[in-house]
Amino acid sequence: MSKKTLTDSISSINESIAYDEETNIFSLKEVGTWLDIATEIKNLNFNYLMCITSIDMENSQLALAYNLHSTETKDSIEFNLFFDKDTEIPSVESLWRTADWHEREAYDMMGIKFINHPDMKRILLPQDWEGYPLRKNYKVADYYHGMYIPKDKTSWE
Amino acid sequence: MSFVDSILSSLSSLEMNYTLLLLIAVTIPGLIIFLLMTVNAIVAVYMERKISAFMQDRLGPMEVGIFGFKGGKRFWGGIGQTIADAIKLLAKEDIIPKDADKFMMILAPFIIFIASFITFVGVPLSQDFLISNFNIGILYILAMSSVGVIGIILAGWSSNNKWSLYGAMRAASQIISYEIPIAITLLLPVIISGGLDVHTIVDWQLQNRWLILHSPFTFIAFFIFFVSGIAETNRTPFDIPEAESELVAGWMTEYSGFRWSLFFLSEYTNMLIISLVASFVFLGGWGSPLTIINLLPGDYMYLDGPILGFFWLLLKAIALIFIMMWFRWTFPRLRVDQLMYLCWKVFIPFAIFNMLAVGVWEVLF
Amino acid sequence: MSKENLIDKSSINTDDMILNMGPQHPSTHGVLRLKIHTDGEVVSKIEPIIGYLHRCFEKHSENLPYEQIVPFTDRCDYLSSMHMSHAYSIAVEKMMDIEIPERVEYIRVIVSELQRIASHAFFIGVFGLDVGAITPFTWVFRDRERIIDLFETLTGARLLYNYVWPGGVSHDLPEKFITRTIEFLDYFEPQLIEVDELLTTNKIFIERTADIGVLDKDIAINYGVTGPALRASGVDFDLRKNEPYSIYDKLDFDVPVGRGEMGTVGDSWDRYIVRFLEIKESIKIIRQCFKSIPEGDVHAALPKKVRPRKGSTYSRFESSRGELGYYIISDGKNVPTRLKMRSPAFSNLSVLPYLSEGWMISDVITILGSLDIVLGEIDR
């Protein structure tokens, strides 16, 4: 499909989808409708979800970047969602099973919770870890299981 | 004249209590067997390490020597390696896991060791080198080699380790199943030569020809027997109970030190026993290669005799052990259900058909 | 009276046995924990637990300048380090719009394909070891040592190279590199035939791997499986051909696709044979590169300061395990704002619970081995 028809067909799914010509990225601010939009995108033959990246925007908002690809038409698009810190996002795990572990990682690292995810728990860190490491305001806790975590590491050289 | 008989007769000139005499007459052969098993283990382990190393394009043990003698030129270093390993194993700490069943865990290696020890009693090493004169030799060997399964199951169960349990359960089903083809194929020489005693079978072969070449059915029977024998001793491709890449060491996982060396010893003894029995029963026992097909006239010297016979028998057994080791480093291992399929749906029908066919052949020819 | 009435099964409590294939195990290719629920020998559910090797790569990279991140990328997939740094360099160069000299492109391709041969050869040895054949493992490692020797003459390191930098490579090829590599390739091709004879057509190997863990192609794409595992399911998808980067559009090579020769399309034997054939294709590519490599200065395009423009990019690369993606967001500073590495083995491993349902424990090992994962890049 040519680029124009592709962008038109995606933008026409919902009027809250914005498209940025320069960076070639679609963005969405009302995340409640994300599952329906994603279903429509999947019906447009985007059957391969490449990556879900969780981003901490500096202005107290979080973002999620979805990179999608179609193995038939060889098109790739990127979809960004912007939302506040405690919003819960609909999970697209029922559409693309790749999202299962990627969303768990987004929860683990950035603290984004997903609705209707079959197994929402931490994936890379231990289950009793406190805090979400990839946030910009993350501070390492002082104690973990009673062990003191040293902050001054200059004597380690 | 068996060993026990000869000791009894030579010592009967001394005026001793009969039970004491019997005790001595039994202990000395026991020690000899134990010595044989140890020597076999030492040589077989060294052989295995060198053979596997050469097949895998590396060198194997090269450094350890005995009394300063390393073993000579380029490849044959490291002669004392097994002895050093044996000493290390004897001195190792004996670990028993906290929740394991202590009595069973201590008992299991001894049961396995006793099973191979007792089987060795019935295996003659030459015309005159035998411990005791059994007239049901083959049956005795078959029966006694089955005792080892109990030890394996006990070892796996008492270790309180789920992986050992897996290994033990697999071993139990495997060993018990593969005894059936062994038993059926061992019946063939009994049918042809007419006796259960090992001497009868070997004498028949020395007078006629080696059983492996007697008829196409005994030829097949040799292969079924040999492959089932490899399955009995848990060697690759049938080493699923101690599969290294899945179960770490299977049923032996929690054992260390002296107990582990008992398992090891009995595994190599089992290999030797299977090779020896295959040599007697199919490959002519202690006859020289001239007896393969008896073409020469009756009184010609066939390079026989008690000492030479021992040498020929050992040669055949070592050749078969070499083939067992060769298999280990060539083939991947079979999965449990494929192993069982092989036994019950391939070997047993063939073995039974073989038995019937041999009977027909004997009647016709 | 039927047989069922004689046996009262209601009081027999059967339960699934939970086995722990722990972090330390000879066959889990790293520190991976698998919680296996089994009914006897048959698996009913598997739960992989990862994170034992998590080293906070993404958080570190938010404090490091772009050129200092290259050694960190090497350590993610330590068996294909050249691919990791090559992919990262391509991502940064896309954001900076640098024009790379041709000699650098050729060197990068040669080094990447040599690394692919090393990684796939390692896979063959270790897969044979999982299935029980111990000898091909030692043979393959002997040959892999020669590749590592070549890399040592090139970069000075055996496994973690820090070689491909954004804008170029760190050293030029040494004097005799080309002759030595051609010698190695001539030596290696007959060795492949030896390993082939021992494993590929061995009846026991086929029984252990054919028809086991069949991955259907739609399900593979849905789970995000890429690389040789996807090609074994019959999908002709190779980033070097579909979206060529570097000089791959000038090179002539085939993409092996699984055809189900010994069983069904997408079984473990197919995943094995696809990687085996890819080694041969990589040898072809390297020979072509040596014929037409131009002269030039490899440091010509190395930027003094790596400051990409503002924006974000997602760049894709075909590593030996699948599609390696880097998503970089930059604010114009000399450290990235967000760097995410989409590792192929992460998605490849997530298909393991689906594939192993209903098979035995020995098959779980076979399937896990055929997916070819490296925990370093899963956990980062």
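Predicted model: local features only at pLDDT ≥ 70, side-chain atom pairs only at ≥ 80, totals over all residues.
Buried area is the accessible area, taken with a 1.4 Å probe, that two parts lose on being put together, summed over both.

## How the chains meet

There are 2 pairs of chains in contact, and of these, chains A and C share the most contacts. Chain A and chain B, by contrast, do not touch, and their nearest C-alpha atoms lie 25 Å apart. Chain C is in contact with chain A and also with chain B.

The table sets the two interfaces side by side.

| Interface | Residues in contact | Buried area | Salt bridges | Residue pairs in polar contact (both at pLDDT 80 or more) |
|---|---|---|---|---|
| Chain C and chain B | 33 residues of chain C, 24 residues of chain B | about 2,600 Å² | 2 salt bridges | 7 residue pairs |

## The interface of chain A and chain C

On the side of chain A that touches chain C, strand S3 (48-56), strand S4 (61-69), strand S5 (76-84) and helix H3 (99-110) of chain A each supply at least two residues. The largest share of that side comes from S3(A), which gives 7 residues. Sorted by class, the side of chain A that touches chain C has 18 nonpolar, 10 polar and 8 charged residues.

## The interface of chain C and chain B

Chain C and chain B bury about 2,600 Å² between them, with 57% of it on carbon and sulfur atoms. In chain C, the residues that lose the most area to chain B are C:Ile134, C:Ile204 and C:Arg208, together 19% of what that side buries.

Across this interface there are 2 salt bridges, and C:Asp363 forms a salt bridge with B:Arg335 in which the closest N and O atoms are 2.8 Å apart. Strand S1 (17-21), helix H5 (102-131), helix H6 (135-155), helix H8 (203-209) and helix H15 (361-371) of chain C each supply at least two residues of the side of chain C that touches chain B. Among the elements of chain C, S1(C) gives the most to that side, with 5 residues. The class counts for the side of chain C that touches chain B are 17 nonpolar, 10 polar and 6 charged residues.

## The largest pocket

The largest pocket holds about 1,000 Å³ of space. It is lined by 38 residues, and those closest to its centre are B:Val45, B:Leu89, B:Trp260, B:Phe264 and B:Tyr268. Helix H2 (18-55), helix H3 (81-90) and helix H11 (258-283) of chain B each supply at least two residues of this lining. By class, the lining of the largest pocket has 21 nonpolar, 7 polar and 10 charged residues.

## Cavities

A search of the whole structure finds 6 cavities of 30 Å³ or more, and the largest cavity has a volume of about 380 Å³. The largest cavity is lined by 28 residues, of which B:Ser145, B:Ile175, B:Glu232, B:Thr233 and B:Asn270 lie nearest its centre. Helix H4 (102-121), helix H5 (137-145), helix H6 (148-158), helix H7 (162-193), helix H9 (216-232) and H11 of chain B each supply at least two residues of the lining, and H11(B) gives the most, with 7 residues. The lining of the largest cavity divides into 17 nonpolar, 8 polar and 3 charged residues.

Of the 13 residues that line the second largest cavity, B:Gly122, B:Pro124, B:Ser132, B:Phe134 and B:Asp197 are the closest to its centre. By class, the lining of the second largest cavity has 7 nonpolar, 5 polar and 1 charged residues.

Note on methods. Residues numbered from 1 in each chain as written. Chains lettered and ligands numbered in written order. Heavy atoms only, no water. 1 Å grid on protein atoms, 1.4 Å probe; cavity = no way out; pocket = protein on both sides within 12 Å on 5 of 7 lines; lining within 4 Å. Points joined across faces, edges and corners; volume = space filled by probe spheres on them. Helix = DSSP H or I, 4+ residues; strand = E, 2+ residues; numbered from the N terminus. Nonpolar A, V, L, I, M, F, W, Y, C, P; charged D, E, K, R; others polar. Contact = heavy atoms within 4.5 Å. Salt bridge = Lys/Arg side-chain N within 4 Å of Asp/Glu carboxyl O. Polar contact = N/O pair within 3.5 Å; in protein donor to acceptor, adjacent residues only side chain to side chain.
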